[in-house]
Amino acid sequence: MAAYERIPYSSFLWKLGTTSFRTREFNKMTEWQLRLLDEFWQKPENHNQGWEIAVPGQADIYEIKNRYYDWLVENDFTKGNDKVKYKAAREKTSGLYDMGFIDNEHRLTEVGYELLEVASSNDYLERNQLGISHDSQIYLAQLLKLSDDNTGTTVRPFIIVLHLLSELDYLSYDEFRYLMPLCTDEFSTSYILHSIVELREGKGDIDSILKDFLLSKKNYQVGLQRFTTNEFSEELLLSVGMNRKSSAYDMSYVPFYFAMHAVYMEHDNSRIFELFNSIKKFQSSIGIKWKQLLFDTSLTSAVKAEPIAHLLPLPETFTASEEEFKKFFFLTMHLYKAKATLEDYLDLNRRYLGLTNCFLFEDSEVKLDIVPKQFFKGAMSELYKQAYQDCDLLFVNCPMELICPSLEFNERKVIDGLNQELGTHLGTIDDAFNEVDRIRYDRFNKIIDQKFTSEKLLRLLDDFDNRNDDEISQMVTDNADIPTIFEYVLGIIWYKASGREGNVLSYLKLSLDANLLPVTHAAGGEADIVYEYRATPDYPAHSLLLEATLADSTNQRRMEMEPVSRHLGNHLLRKGNRSSYCVFATSYLHINVISDFMSRKHIMYCDTQDTDRYVDGMKIIPLSTTDLRTIITFNLQYKMLYKHFEKAYQHAGGHPQKWYDEYVNIASMSTLEKPKVYHGMVAEGESTQQPEKTKTLAQWMDSEVNHNANTLSKTDNDAIVLLGCIRNVDHFKWIFRKGTYKNEELLYNVRQGARYGAVKRTSQVVHAKYALLYNLDNPKQYLVFRLNETHYVWDEDKMKEHRYDKPHGMYYVYKLEEQVQLSNVQVADIIKKANVRKGTPLYMNLSEICSQ
């Protein structure tokens, strides 16, 4: 047996940051850890200790890292469940070092202290000439300096991104994910630029570009030559696998190759199922790609039952000879490995670029925001000359023009660039900023239309109530904590109720990224949102302070009673407009919070610096998420809400719950016109004719009832029934293919895996015969369908193909067949008895369902 020298892995891409520093709420966690590091080194026992190089008297460098890790746990920065403390401490600080915020000994640099100062002063809201905040300016400067030498040559990734965008105007998500990081020197950058241009002209595809790129590298050339000219063996494959960690990680390819060769070259169909199962040994991001290449389903039971029917043929050229088959296998193996690696760094690259607030990620494209685009356009000819050189200013806090003289802001060039691109005639930089603001609001309204429809807002309110934090982060952003997102969503609800009038982006008092989504570190000192209203015939000029909290029953009084009244009192004293008032919105209204806010009408609030200045009573209206739902459902406008709140204020007194129920509760508004609803069904004689955009889930489900459907025989006792929820109207439309989904098969999906609301593969999941789909908010309303015998396992790409909104992970997908009738199922009782979280699917025998 021949012995082969292992061909080493050689990096072929640049990356921003490291996967060990992948974190949600990126800005907040970075700034928080800088403060903790600074405090850690100020402690006398740590002050003179070394991090990477031990000082005299220091036993080793591991103890100080362990001590720092304990410090992070003590301050609730991390949970403390890492197995090796010093390793975790190194990983959690790696991103700070990469960005130049700390030096090799983990002391804060000039730049680190500058960012810490911004974090301490809450200086996030004011924008500079580029239209970005102070902290984003710091991140921008650091990324301009940052270099990467993983490939053996130096490259400044951020400059590469700017260069590509200056040449191409935008990058598609696939170009951003798979091609951009390959630009590691002048030759590869030129090659990728040319390839993208040809790709957009319909020549070639991403996979072909990647394979050609890999084959331009010496190690892949040597590997292909060796693999195709030698007899296959385990030793041969492991020597050309070029695994980043160890050749042992490539062992799973050996049985896979043997099975694949047997099926496609020896035509041994008895080994098809073996081939299918061997793919399961790969990491999921690679295994999925092989399955999609070789099989038409990812469902094990389907392949086991009919292996030949589900096997996909390979092009004849790949199986024409042993050499061609080996070439195909080698290139495909390394293509999928490369794509998995590039996919792994996608999120990090996007996060780091997003720190600058200069990039837009929308409509499946990545591009520069309008002012940064013009700014860098004028700087690129000089800046690109530095793209493959180190910058020695990473740890220095300096103006951008010191990095490159062409980075000095030139108002005239920016104005001329905007006029050329927009077809405008802007004269001054103020005119330019006004135009940019107009464009921002156009984009914000587009985001609301696409991302925050009424149905999606209702779904988010449900998630806030149930603290489905993962779902909220997926729907909005994972760079803000959930309370911040709640403030943001409240602002959108109020903006829509106000007829989309007013400067809501400034009213929000939140730090927003370039895509106008929230970032955690809201400015403190005043209310969460301060909405300004001009005088109209319906109300006087006033400010509305919107306070938001997700506090629960145990801590709401402590958290909110004093701050809310203080914020409003100080605002009234400072502005002097006694028509201003406050709305307090929460997912849980504590009875004593209602009482406190009701009583504020009769309580004086004094200026602590001058007690002769005071406010004689304040108007604070407490609302729950149920009230917010009513505002959305009935499209209530602010002029109606103002009158309702004023009436409630005038009747403030008595028992707080009675006051809230009779006067504050939005559903108590006499102007609301709605059909009477019983158990999700419109009462007899009431109109059900309603525009589709405003139809409720109950009305949609009612319209889907087939009164002529056959009754399900309860003698089918052993039949397995899936009890699944229909979350909202958008979910209903996807299941029943309404609107743009018409003329497609009816589908129902269940999350797969260990995440919230997911199920694991069991016999019940595989053999479910019926689906009982109930209204999540009213389980008494449900529809029952027979299921097709075959169901699918779909990944995110497949779900997107079927236009599922924001898929995450893997899904079981069932096909719904004919509707059947099954009466008197006590769905709510079944869910309660099962003791599962809201919306979790259940699988039960029909006999169990009918007995409850």
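This is a predicted model: local features need pLDDT of at least 70, side-chain atom pairs count only at pLDDT 80 or more; totals for chains, interfaces and linings use all residues.
**The three-stranded sheet**

An open sheet is built from three strands in the order β1-β3-β2, with antiparallel pairing. Strands β1 (171-172) and β2 are at the edges; each has a single partner strand, so one side of each has no neighbour in the sheet. Between β1 and strand β3 (residues 365-368) there are two bridges, and the two strands run antiparallel. Within this pairing, L171 is opposite V366 in β3.

**Strands β6 and β7**

Strand β6 (residues 529-533) is mostly covered, with four of its five residues buried. Its pairing with strand β7 (residues 542-549) is antiparallel and extends over five bridges. V530 has L545 in β7 as its bridge partner.

| Strand pair | Bridges | Residues standing opposite |
|---|---|---|
| β1 and β3 | two bridges | L171 and V366 |

Where does C358 lie? C358 is in the loop between α17 (322-354) and β2 (359-362). Is C358 buried or exposed? C358 counts as buried because its relative accessibility is 0%, and the cut-off for buried is under 20%.

Leaving aside residues up to four places away in sequence, C358 touches I132, L140, K367, L368, D369, P372 and A514. C358 and D513 are 155 residues apart along the chain, and their C-alpha atoms are separated by 8.5 Å.

Definitions and conventions
Residues are numbered from 1 along each chain as its sequence is written. Side-chain values use heavy atoms; hydrogens and water are left out. Buried means under 20% relative accessible area, exposed over 50%, partly exposed in between (1.4 Å probe, protein chains only). Contact means heavy atoms within 4.5 Å. Two strands pair if DSSP finds at least two bridges between them.
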